[in-house]
Amino acid sequence: MLVDKVHDVDCVIPVHLYGQCVDISKLLHLNIPIIEDCAQAHGANVNGQHVGTRGTIGCFSFYPGKNLGALGDAGACITNDECLSIKMKQYASLGSPKNDRYAHISDGINSRMDGIQGLLLCEKLKHLNEWTEDRIRVGEIYRSGSDFPKRSSVGKDVYHVFYTLQGDRDEYIKFMNNNGVQRVFITPQPYQTWNVSKSFTPIVKMRDYFVNHVLVCQCFHT
Ligand SMILES: Cc1ncc(COP(=O)(O)O)c(C=O)c1O
């Protein structure tokens, strides 16, 4: 594993991308902080242990299009470390400690979630399992027609979107559209091609192939 060979690593950020659980058991022995990016993986778990609960911090996005989405931007970080939890709340609240909003004792940003978003999310949370199963059902239908790339399946994966590589992308989109699936799209400007990322993007083998053949299909719950 790459991280075994790297020294001076401050932290690792595994991304449970597209709802696939990263096998973080391989990282736990490194004894460095692990920040799990669960933005696309609400409800995914390994042997019942939910993503975001094994690392030092788990981060969830509640952006409206996410599996659990608010009405506007929102998100949450979870941790079992009480000291970190205090620091995170303080950071999200302009560096103000609990019970003293006029003091600013550390760096901070204004990132408090609106109460109305919290209320909506609490209501939607009641349906998350059911919606997740719907997404899995839709994702598996896509997968039955295109099992590439393979899913890792170290645990119970969920689906945020179905991502695939297709030799003839236009043909695939046309086929899906003709069969009632409208929401198939490509990333018009992939990350690797952005000016801002050019200086730190490693040269990925087959990068151009990925850029030209990747396709994303939505897995909305019904
Ligand atoms: C994998 C992943 N990480 C992080 C983010 C960022 O989430 P947010 O926009 O809520 O900050 C997203 C959102 O698109 C995402 O898909």
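**Terms and their grounds**

Author: This is a predicted model. Strand β4 (residues 57-61) is mostly covered, with four of its five residues buried.

Reader: What makes a residue of β4 count as buried?

Author: A residue is buried if 20 or more other C-beta atoms lie within 10 Å of its own. Four of the five residues of β4 are buried, and the strand is therefore described as mostly covered.

Reader: How do you know that β4 pairs with β1 and with β5, and in which sense?

Author: Two strands pair if at least two bridges are found between them. Strand β1 (residues 35-37) and β4 have three bridges, in the parallel sense, and Asp-37 stands opposite Cys-59 in β4. Between β4 and strand β5 (residues 75-78) there are four bridges, in the antiparallel sense; here Ser-61 stands opposite Gly-75 in β5.

Reader: Which residues surround the ligand, and how is the shell divided by class?

Author: The ligand is surrounded by Val-15, Leu-17, Asp-37, Ala-39, Gln-40, Ser-61, Tyr-63 and Gly-75. The shell has four nonpolar, three polar and one charged residues. Gly-75 belongs to the shell and counts as polar because Gly is placed in that class.

Reader: Why are β6 and β7 called edge strands?

Author: Three strands form an open sheet in the order β6-β8-β7, with antiparallel pairing. Strands β6 and β7 (184-185) are its edges, as each pairs on one side only. Five bridges join β6 to β8, and Thr-164 stands opposite Leu-215 in β8. The requirement is at least two bridges, so β6 and β8 count as paired.

Reader: What is the span of helix α4, and how does it compare with the expected value?

Author: Helix α4 (residues 128-145) has 18 residues and reaches 26 Å from its first C-alpha to its last, close to the 26 Å expected at 1.5 Å a residue.

Reader: Which residues of α4 are buried, and why are they said to lie on the same side?

Author: The buried residues of α4 are Thr-132, Arg-135, Gly-139 and Tyr-142. They cover an arc of only 80 degrees around the axis, which puts them on the same side of α4. An α-helix has 3.6 residues a turn, so residues three or four places apart point the same way. The buried residues of α4 pack against β6 (161-165) and β8 (214-218).

Reader: Which residues of α4 are exposed on the other side?

Author: Asn-129, Glu-130, Glu-140, Ser-144 and Gly-145 are exposed there.

Conventions:
Residues numbered from 1 in each chain as written. Predicted model: local features only at pLDDT ≥ 70, side-chain atom pairs only at ≥ 80, totals over all residues. Expected span 1.5 Å × (residues − 1). Buried ≥ 20, exposed ≤ 12 C-beta atoms within 10 Å, placed from the backbone. Arc of directions from axis to C-beta. Contact = placed C-beta atoms within 7 Å. Near = placed C-beta within 6 Å.
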